[in-house]
Structure formats: structure tokens, C-alpha cells
Amino acid sequence: MIRLSVTHLDGYRYWRDNEDVPLDVLLARLRGDEPPTQAMLAGRAFHSFLEHATTGDVRVAAVDGFEFDFALDQEIELPAIRELKAECLMETPSGPVTLVGKVDGLHGTTVRDYKLTERFDAEKYADSYQWRCYLSMFESQTFVYDVFQARYDGPRIVVYDYHRLTFSAYPGMREDVQREVSALAEIVATHLPEKVAA
């Protein structure tokens, strides 16, 4: 049994689409050897804030050593169901794979995910397999990225713009996810046998 996360799958696709990135970089990510960057830590703090946020006007929020300064006039939808985990068992030529993930929010058949970024790149989100995986795993129809654009000044982060991107389930999407999971499972089985449980 191989256990993979949705994040692993997008890491694999980044490696596959960038020929100058060596395989060792992907393997280190799959092993969890890379320490988190400042941007990753800020993103986790931002998610924590939104996970526990309540309705109301917020201008500044201090979370996990970061200060978020909201310099935008934007109403943020807060789904009732937040931080929901899912697992999906898939059969691959390399053996069974459990694909795991956690969505930021779920409302009816709409999945939501929050992103904090310095540079907004809509194409990156469109190409991502994150939304395809979650729509398949939760058998949902619509995926919404709530993308918050920010300037980083050490621990102070100014959130100054907001972008909403919506994607829909499509025929053959589950098969697309299956193909990518199978390709990554082959790499894990070949190069990281310690991650294959009996």
C-alpha cells in the first residue's frame, strides 16, 4: 500500500513539467525532508486564521508569529464545514494507493481552497491537479480557489488583493486523476520502497 497526498501529486506534476528539476528534489519532497519555507509557514498561519474566523470586519490578525494586515475591502465566504479530510483508495499497476487530502471548506457540492501568494498566476491553478483530486474525492461539482495576494515584510503580511477562480467537474476527470496517481506511484515504488507498506 502506498500513501500519497494531493500535495504530493502537484509536486510530481511540477517536477515532471520542469526538466531542470532533478529527481532528487521530488524524492526529498515525497520523503518530507524539505524544511518549510517562510512562505509555507505564512500560508499555514493564514489557513489557521480562516479556519477559526467568524463573521465580522477584520483589519489585522496575529497568528503563529505572523501579522496579517487586510488592506482590501472584500467579503470572504466562510463555509460551515472547514478543514475536512478525505481518503480515496485507487488501484494502480504499482499496487493500491491511498490518496489523502484536506479541503479548506465544503458547502453542498462546492469545495473551497484558500491560497496566499505574492504573485497571482491563474494558469498555475488551472493546471493544478488539486481541484481535480478534491472534486473526485468528495464527488462534488464545483471547486473555488479563494486566492489572496499579499506583500511580505518579514512577519508582517499585507493582503491587498483577492481573486476567485472556479473550476467544474468534467467527463473523464476521475480517469485523469487515476493516471497521475499511477505515474507517481510507479516512482515511489521504484525509488522509495520504504514508503510502500506491505
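Q: Is R3 buried, partly exposed or exposed, and what is its relative accessibility?
A: Buried means under 20% relative accessible area, exposed means over 50%, and partly exposed lies in between (1.4 Å probe, protein chains only). R3 has 45% relative accessibility, so it counts as partly exposed. This is a predicted model, in which local features need pLDDT of at least 70 and side-chain atom pairs count only at pLDDT 80 or more, while totals for chains, interfaces and linings use all residues. Residues are numbered from 1 along each chain as its sequence is written, and side-chain values use heavy atoms, with hydrogens and water left out.

Q: Which side chain does R3 meet in a salt bridge?
A: Side chains of opposite charge can pair when their charged atoms come close. A salt bridge here is a side-chain nitrogen of Lys or Arg within 4 Å of a carboxyl oxygen of Asp or Glu. R3 pairs with E87 at 2.8 Å, N to O. R3 is in strand 1 and E87 in strand 4 (residues 81-92), so the bridge ties together parts 84 residues apart in sequence. E87 is exposed, at 53% relative accessible area.

Q: How many salt bridges does the structure hold, and which residues do shared partners join into one network?
A: The structure holds 15 salt bridges. One of them links R31 and D33 (2.8 Å, N to O). Shared partners join R13, R16, D17, D176, R179 and E180 into one network. Within this network, D17 and R16 meet at 3.3 Å, N to O.

Q: What span should helix 1 have?
A: Helices (H or I, at least four residues) and strands (E, at least two) are DSSP runs, numbered from the N terminus. The expected span of a helix is 1.5 Å times one less than its number of residues. Helix 1 (residues 6-17) has twelve residues, so it should span 16 Å; its end C-alpha atoms are 17 Å apart, which agrees.

Q: Which residues of helix 1 are buried, and what covers them?
A: V6, H8, L9, G11, Y12, R13 and W15 are buried. Their cover includes strand 1 (2-5), helix 2 (23-31) and helix 6 (173-191).

Q: How many residues has the largest nonpolar core?
A: A nonpolar core is a set of buried Ala, Val, Leu, Ile, Met, Phe, Trp, Tyr and Cys residues joined through side-chain atoms within 4.5 Å. The largest has 39 residues, and L99 and M137 have the most contacts inside it. Helix 6 gives the largest share, seven residues. Apart from this core lies another of 19 residues, among them L50, Y114, F148 and V159.

Key: Contact = heavy atoms within 4.5 Å.
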